[in-house]
Amino acid sequence: MTHMHIAGSIHADAVQGGPTWLQLPEDLNALDLRLWPRGTFRDEAGRVVVAGVPLTELAEQQGTPTYLIDEADFRSRARDFREAFSGWQIYYAGKALLTRTVARWAAEEGLKLDVTTMGEMRIALAGGMPAARLALHGNNKSDEEIRFALAEGVGRIVVDSFDEIERLERACADLGVKATVLVRVTTGVEAHTHEYIATAHEDQKFGLSIMGGQALTALVRCHSSQYLDLRGIHSHIGSQIFETLGFEVAIRRTCKLASQFRTATGVELPELDLGGGFGIAYTSADQPRPTTELAAAFEEMVEHECRAFDMSRPMLSIEPGRAICGPAGVALYRVGTVKTVELEGGRSRVYVSVDGGMSDNIRPSLYAAEYSGAIANRRSSAEPVLSRVVGKHCEGGDILIRDVFLPGDVAIGDLIAVPGSGAYSRSMASNYNQVTKPPVVSARDGVVTTMLRRETLDDLMRLDVGQ
Ligand code: LLP
């Protein structure tokens, strides 16, 4: 490994242009433990150790980039939700990260699982998650997916349109089964998050509108169907949310809808699913609320609204994805190029290029998501410099960490670890620029097990069947 000093890099205290939330760290070698899997530390040799695995060893064994998921961390967060939301059904949202192993962990921790496609159903079942514990989502489920779900005995189908209700009824008639359904509604809540991950405002593709009256019509329609067993309402307001206010409004509106349904039919709906969306800390500026606090707030909000509408408390569910697997994951990259770019006013920025990028983590490019990172293979006593960690793709927007302080001696061969990478990174990966997708390994007490192997060029070549 080469350690080169970067000529001309400017010390952090001289650099302007970083975002206001980014604090100059007192000690660059210290890890903000709120961002990393529980138990992560930097050992005496300066190596970051996750789940008992020094990341230098991980890089040697697996190559880079590699995604590591700390099994104990995943399980402990699953347990936190189970314990804090005691009596609630916890559906782990498989879209955040799903492998057979992850499905097994979720099953063993007593969670249920939210799936959206045939692929997610197949992986979940292959991992040993019982079909009865699955909820099938999606605004455009195929007939094949619907029929597969019915044949396997998937526990809940969350219907999203009138078209789907009809198709579901036809499939039930053909297969001679009844489907257990929830109706996905849009509550009109403007979740304070990126537009593309806010899902309950009116003008978007998910759900049936409460305000437009379609939600009530759909509920009554499902209730009167001989093929459907209507259990209740489903609401998901968005993702990476820190405030409970949006949930409060969603609970009020769904409870009001349930009471309107009761007036129309004389029947009280037994279930309410409030979806996922609980935010995690990607940077030191993020302040997610502890799960116990969230649970207490949710309990209080539900109780209050049930009382207001004179309803008995329904069976409640939530669907956390990111909050369970996000903090459990670390992405590990190797530095290949370091470049100092001169900016206006005599300032400069250090561009640190690593061997992954927007193909394994599209979130910064897609949502302007912020991350943090640290050199994982050594300590450094160099001064911090404002840096930008970028990928190897042919796009200027191929940024992994827009603003981060790294030691000024960051060099080719260094390893950069990015916490908070367990959710929506590898699961949203692509083969852009014909790059092979990185592996996902799990680690526990120093033992590394491959969950998803690294894609190979042979994998890519096999798909390309043209002449
Ligand atoms: N339930 C439903 C119906 C959902 O659509 C989602 C996420 C979840 C639960 C889980 O949300 P979570 O607890 O993980 O925030 N790719 C974006 C997030 C999109 C999430 C889509 N649905 C991102 O990288 O931020």
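These are legends for a handful of close-up views of one predicted model. Residues are counted from 1 along each chain as its sequence is written, and side-chain values use heavy atoms, with hydrogens and water left out. Because the model is predicted, local features need pLDDT of at least 70 and side-chain atom pairs count only at pLDDT 80 or more, while totals for chains, interfaces and linings use all residues.

**View 1**
A shell of 20 residues surrounds the ligand, where a residue is near a molecule if one of its heavy atoms lies within 4 Å of it. The closest ones are Ser239, Glu319, Arg322, Arg363 and Tyr424. Sorted by class, the shell has seven nonpolar, seven polar and six charged residues. In that scheme Ala, Val, Leu, Ile, Met, Phe, Trp, Tyr, Cys and Pro count as nonpolar, Asp, Glu, Lys and Arg as charged, and the others, Gly among them, as polar. Domain 1 (15-69 + 327-459) and domain 2 (71-325) both give residues to this shell, so the ligand lies between them. Those domain bounds come from an automatic or database domain assignment.

For Glu319, a side-chain N or O atom sits 2.6 Å from a nitrogen atom of the ligand. On its own the ligand exposes 580 Å², and the protein buries 92% of that. Areas come from the Shrake-Rupley method with a 1.4 Å probe; for residues, only the protein chains shown count as cover.

UniProt, in an unreviewed entry, lists Lys95 for "modified residue: N6-(pyridoxal phosphate)lysine". UniProt positions are given in the numbering used here, feature names are shortened, and annotations may be inferred rather than shown by experiment. Lys95 is in the loop between β5 (89-93) and α3 (100-108). Helices (H or I, at least four residues) and strands (E, at least two) are DSSP runs, numbered from the N terminus. Is Lys95 buried or partly exposed? Its relative accessibility is 31%, so Lys95 counts as partly exposed; buried means under 20% relative accessible area, exposed over 50%, and partly exposed in between (1.4 Å probe, protein chains only).

For "binding site", the unreviewed UniProt entry lists Arg322, Arg363, Tyr367, Glu395 and Tyr424. They span 103 residues of sequence and are spread in space too, up to 27.0 Å between C-alpha atoms. Arg322 belongs to helix α10 (residues 322-325) and is buried, with a relative accessible area of 4%. Tyr424 is found in the loop between β19 (415-419) and β20 (440-444), and at 14% relative accessibility Tyr424 counts as buried. Tyr424 and Ile362 are 62 residues apart in sequence, with 8.5 Å from C-alpha to C-alpha.

Ser209 is in strand β10 (residues 208-209) and is buried, at 8% relative accessible area. Which backbone nitrogen lies 2.7 Å from a polar atom of the Ser209 side chain? That one belongs to Gly212; the backbone nitrogen of Met211 is 3.2 Å from a polar side-chain atom of Ser209. Gly212 lies in the loop between β10 and α7 and is exposed, with a relative accessible area of 56%.

Gln214 is in helix α7 and counts as partly exposed at 37% relative accessibility. Ser225 is in the loop between α7 (214-223) and β11 (228-234), and is buried, with a relative accessible area of 8%. A polar atom of the Ser225 side chain is 3.1 Å from the backbone nitrogen of Tyr227.

Notes
A polar contact is a pair of N or O atoms within 3.5 Å; within protein, one must be able to donate a hydrogen and the other to accept it, and residues adjacent in sequence count only if both atoms are side-chain atoms.
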